[in-house]
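Please look over the sequence and the structure shown here before reading on.

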Amino acid sequence: MLKRICSSISLLLLFLSASAQAGLMVSEQKVRLLPPSAPNTAAYMQLMNHTNKPMELVGVSSDVAERTEIHTMVEHNGMMRMQQLTSLVIEPMASVALKPGGNHIMLIGLKQPLSAGDEIAITLEFADGSQHTVKAKASAEIDAKDSGEHHHHHHHH
C-alpha cells in the first residue's frame with residue numbers, strides 16, 4: 001500500500017515541478033544499523049532531479065552525529081577507500097543513488113547508539129541555498145555486496 005502511494009506521489013511530482021524542492025524526489029532512504037559501539041555509520045538514498053536544471057548537493061547535516069559528510073569510494077593502491085566529496089551534482093531529469101560501495105552520506109561521531117526502526121532526520125543542503133530534510137529509517141538490512149565497507153580501519157588478510 002505504501003509503495004503504491006509513493007509511486008503515485010512520484011508520478012505526481014514528475015508533472016508538478018513547480019520549484020527546486022518539488023523537483024527533488026528522495027526515496028529508499030536508510031541508515032545502516034551497526035553495533036552500539038560503532039562511532040560512525042552511513043546513510044543511503046535515491047535522489048531524483050525532476051527539473052530542467054542541475055541540482056548540486058553541497059552539504060548534509062543530522063542532529064544524531066557530530067559531523068555529516070558526503071563520501072564516495074575510490075580505489076587507491078588496490079584498496080577501496082572512502083573519500084569526502086565537496087559536492088554531488090544531480091543532472092536534470094536524472095537520479096543519483098547513494099548506496100553501499102559508491103556515493104553515500106557518512107554520519108560521523110554518533111551522539112547515541114541507533115536502534116532498528118529509528119527515524120533519522122537528514123538535511124540535504126543545495127548550492128542554491130535550498131534545503132530538503134528527509135527521514136531515514138535505521139536498518140540492519142542494507143543491500144550490499146560487502147557489508148564491511150563502512151567500518152573504518154579494516155585490515156584484510
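In which loop is M93 found? M93 is found in the loop between β6 (88-90) and β7 (94-98), where strands are DSSP runs of E with at least two residues and helices are runs of H or I with at least four residues, numbered from the N terminus. This is a predicted model, in which local features need pLDDT of at least 70 and side-chain atom pairs count only at pLDDT 80 or more, while totals for chains, interfaces and linings use all residues. Residues are numbered from 1 along each chain as its sequence is written, and side-chain values use heavy atoms, with hydrogens and water left out.

**Two loop residues**

Most residues other than glycine have a negative phi. M93 has a positive value, and N77, which is found in the loop between β4 (65-76) and β5 (79-85), has a positive value as well. The table sets out both residues, using the terms buried (under 20% relative accessible area), exposed (over 50%) and partly exposed (in between), computed with a 1.4 Å probe on protein chains only.

| Residue | Phi | Relative accessible area |
|---|---|---|
| N77 | near 55 degrees | 70%, exposed |
| M93 | near 55 degrees | 55%, exposed |

**A buried histidine**

H104 is found in strand β8 (residues 104-110), and it counts as buried because its relative accessibility is 0%. A polar atom of the H104 side chain lies 2.8 Å from the backbone oxygen of G102.

**The nonpolar cores**

A nonpolar core is a set of buried Ala, Val, Leu, Ile, Met, Phe, Trp, Tyr and Cys residues joined through side-chain atoms within 4.5 Å. The largest one has 26 residues, and those with the most contacts inside it are M45, L47, I122 and L124. Strand β9 (residues 119-126) gives the largest share of this core, namely four residues. A second, separate core has five residues, including Y44, M106, I108 and I142. If neighbours within four places in sequence are left aside, I122 is in contact (heavy atoms within 4.5 Å) with residues that include V31, A43, M45, I105 and V134.

**The chain as a whole**

The protein chain has two helices and 10 strands, and from the N terminus on the elements run α-α-β-β-β-β-β-β-β-β-β-β. Of the 157 residues in the protein chain, 41% are buried. Among the contacts in the protein chain with a separation of 6 or more, 67% come from residues 24 or more positions apart.

How values were computed
A polar contact is a pair of N or O atoms within 3.5 Å; within protein, one must be able to donate a hydrogen and the other to accept it, and residues adjacent in sequence count only if both atoms are side-chain atoms.
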